[in-house]
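Q: I would like to learn how to read a structure like this one, feature by feature. Could we begin with the ligand and then move on to the protein itself?

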Amino acid sequence: MSIVEVLQALLPAGAVLTGSEALQAYEMDWRGRYRGHAACAVLPATTAEVAAVVQACRQHGVPVVAQGGNTSLCEGAVPRAGGPGSVVVNLQRLRRVRSVDVANHSIEVEAGCVLAAVQQAAAQHGLLYPVSLGAEGSCQIGGNIATNAGGTGVLRWGNTRENVLGLEVVLPDGRVWDGLYRLRKNNTGLDLKHLFIGSEGTLGIVTAAVLRLHPLPTAQAVAWFATPSPSAAIELLGRFQQRCGGVLAAYEMMNDIELGHVLDHVPGHRAPVDRTHPWHVLVELSDSGPEAPLVDALEELLSAAGERGDVLDAVIAASGAQRAAFWAIRHGVSDGNKAAGMGINTDCAVPVSAVPAFIERATQAALAIEPEARIVIVAHLGDGNVHFIPMVSRERWQGYADADALSHRVKHAVNEVSHALGGTFSAEHGIGQVLTEEMHLFKPAVELELMRAVKSAIDPQDLFNPGRLLPAPTAPR
Ligand SMILES: Cc1cc2nc3c(=O)[nH]c(=O)nc-3n(C[C@H](O)[C@H](O)[C@H](O)COP(=O)(O)OP(=O)(O)OC[C@H]3O[C@@H](n4cnc5c(N)ncnc54)[C@H](O)[C@@H]3O)c2cc1C
């Protein structure tokens with residue numbers, strides 16, 4: 001029997017998808033630039049079904065690709081091209097909120113729960129699940145955990161890693177690890193959940209998680225301001241941190257080109273301030289007390305910065321709707337860029353103090369290779385995470401003799417700059433299929449050896465997401 005027939009016998013009708021049309025959404029990456037090949041996609045509805053699928057794949061030696069919302073920006077969740085094809089295990093049917101422990105500030109959810117649904121389930125109990133990103137309406141908790149997703153709340157609440165208390169994982173041999181602890185303290189040896197967080201489906205399939213919740217803030221104040229330079233924005237960030245401490249919830253920056261992409265290509269947005277200012281920052285304060293002190297702090301800091309020349313123009317949101325409108329611009333950047341042309345996306349993080357140097361040197365490096373690129377920048381500035389995106393028109397892209405090679409050269413040049421400044425080439429999106437070579441070039445050999453040792457201990461047949469995350473051991477350094 002073929003693997004497809006075996007899986008059809010194991011799972012209920014409709015849970016095994018085959019054929020090019022049915023598979024398109026599971027084989028194609030979010031940007032629509034890459035299509036791999038799957039033998040089939042399966043939609044298990046329980047942890048036991050996931051384990052049965054994995055056991056069958058193991059017996060047949062067939063690779064397994066875990067897939068959540070398929071919003072990976074580094075081709076992490078789609079199968080590789082060619083060959084007999086992998087089995088894509090999409091978790092969308094494992095989407096129950098199993099329980100909310102209000103006193104413990106925790107929620108247990110299945111891996112296929114969409115991030116926004118988890119946020120809403122927590123909010124119904126007056127609690128906050130603080131991980132927030134542009135894809136939150138479609139990415140899943142399992143995908144967030146597998147990529148250690150960051151987003152706009154990291155400055156205050158940390159990455160996904162800091163918000164996971166426990167995990168349930170189907171291992172490559174088909175066993176289920178029940179690590180659904182709800183504890184904030186547990187010093188009983190290695191904390192194994194951390195192996196799976198950020199492992200991009202190479203060590204196991206996350207089927208459920210216990211997440212850490214926080215009191216839902218009752219007051220928010222959001223401002224949008226224009227600033228002359230990244231250095232001025234960082235100067236003001238320091239003042240916000242000193243004056244507001246833990247109340248500072250987000251500090252996001254974009255350049256005028258990025259703002260223009262959202263305004264021009266995503267319907268329904270208006271510029272909060274004159275769009276021609278070179279740099280724009282969205283700042284949010286949130287707290288459990290009243291709103292007035294937050295607004296006072298914004299007014300005080302922005303007006304003092306205006307006198308120094310660090311703020312060129314500013315608007316404090318006057319209503320919940322206006323706050324949402326400012327955030328919608330920030331969350332619209334990926335759609336805006338997708339519509340505006342062809343972007344060479346990077347995901348670097350450097351120490352916050354090095355952001356201005358990074359932007360300046362990366363711009364020089366990218367323009368030296370593609371002088372016609374327009375440099376789009378959107379940054380989680382409070383974390384030092386800069387998405388530096390050289391973009392060209394579709395026509396120019398199509399005219400390249402080898403677009404992949406050019407894109408690769410540009411990315412590499414930008415990543416080199418980050419590395420030289422003590423930064424990383426992957427801050428929050430992960431490695432997927434597109435950055436394995438950078439792993440090879442920039443990660444210390446000892447780190448790679450340790451990662452390989454873990455991989456071969458847990459997945460000796462190399463069946464889980466082969467070719468992702470880790471470069472082939474034989475690749476030249
Ligand atoms: C518009 C937009 C905005 C974005 N903004 C951000 C941002 O601000 N911050 C950020 O960090 N990312 C961002 N991303 C990237 C992406 O949304 C995140 O990486 C997200 O965590 C992926 O979740 P997913 O469910 O879509 O996972 P997928 O794309 O389906 O998978 C991602 C990786 O996780 C693995 N995986 C998926 N589910 C499981 C599971 N249950 N068990 C084991 N492995 C699994 C896959 O094999 C793959 O390697 C953005 C993407 C888009 C399209």
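This is a predicted model: local features need pLDDT of at least 70, side-chain atom pairs count only at pLDDT 80 or more; totals for chains, interfaces and linings use all residues.

Q: Which elements give two or more residues to the shell around the ligand, and which residues come nearest?

A: The elements are β3 (64-67), α5 (141-147) and β10 (205-212), and α5 gives the most, with five residues. There are 36 residues around the ligand, of which Ala66, Gly68, Gly69, Thr71 and Ser72 come nearest. Sorted by class, the shell consists of 21 polar, 13 nonpolar and two charged residues.

Q: Is Gln433 buried or exposed, and where is it found?

A: A residue counts as buried when its relative accessible area is under 20%. Gln433 has a relative accessible area of 17%, and therefore it is buried; its place in the chain is the loop between α15 (403-420) and α16 (436-442).

Q: What joins the side chain of Gln433 to Tyr34, and what lies 2.9 Å from a polar atom of that side chain of Gln433?

A: The side chains of Gln433 and Tyr34 are joined by a polar contact of 3.4 Å, while the backbone oxygen of Glu75 lies 2.9 Å from a polar atom of the Gln433 side chain. Beyond its neighbours within four places in sequence, Gln433 is in contact with several residues, including Cys74, Val78, Pro79 and Arg468.

Q: How many aromatic pairs does a search of the whole structure find, and how is such a pair described?

A: In general, a pair of aromatic rings is described by the distance of the centres and the angle of the planes. The search finds seven aromatic pairs here. In one of them, Phe425 and Phe442 are 5.7 Å apart from centre to centre, with 40° between the planes, and this pair is tilted. The pair links distant parts of the chain, 17 residues apart, with Phe425 in the loop between α15 and α16 and Phe442 in helix α16. Phe425 counts as buried because its relative accessibility is 7%, and Phe442 is buried as well, at 12%.

Notes:
Residues are numbered from 1 along each chain as its sequence is written. Side-chain values use heavy atoms; hydrogens and water are left out. A residue is near a molecule or strand if one of its heavy atoms lies within 4 Å of it. Helices (H or I, at least four residues) and strands (E, at least two) are DSSP runs, numbered from the N terminus. Ala, Val, Leu, Ile, Met, Phe, Trp, Tyr, Cys and Pro count as nonpolar, Asp, Glu, Lys and Arg as charged, and the others, Gly among them, as polar. Buried means under 20% relative accessible area, exposed over 50%, partly exposed in between (1.4 Å probe, protein chains only). A polar contact is a pair of N or O atoms within 3.5 Å; within protein, one must be able to donate a hydrogen and the other to accept it, and residues adjacent in sequence count only if both atoms are side-chain atoms. Contact means heavy atoms within 4.5 Å. Rings of Phe, Tyr and Trp (its six-membered ring) pair if their centres lie within 6.5 Å; planes under 30 degrees apart count as stacked, over 60 as edge-to-face and the rest as tilted.
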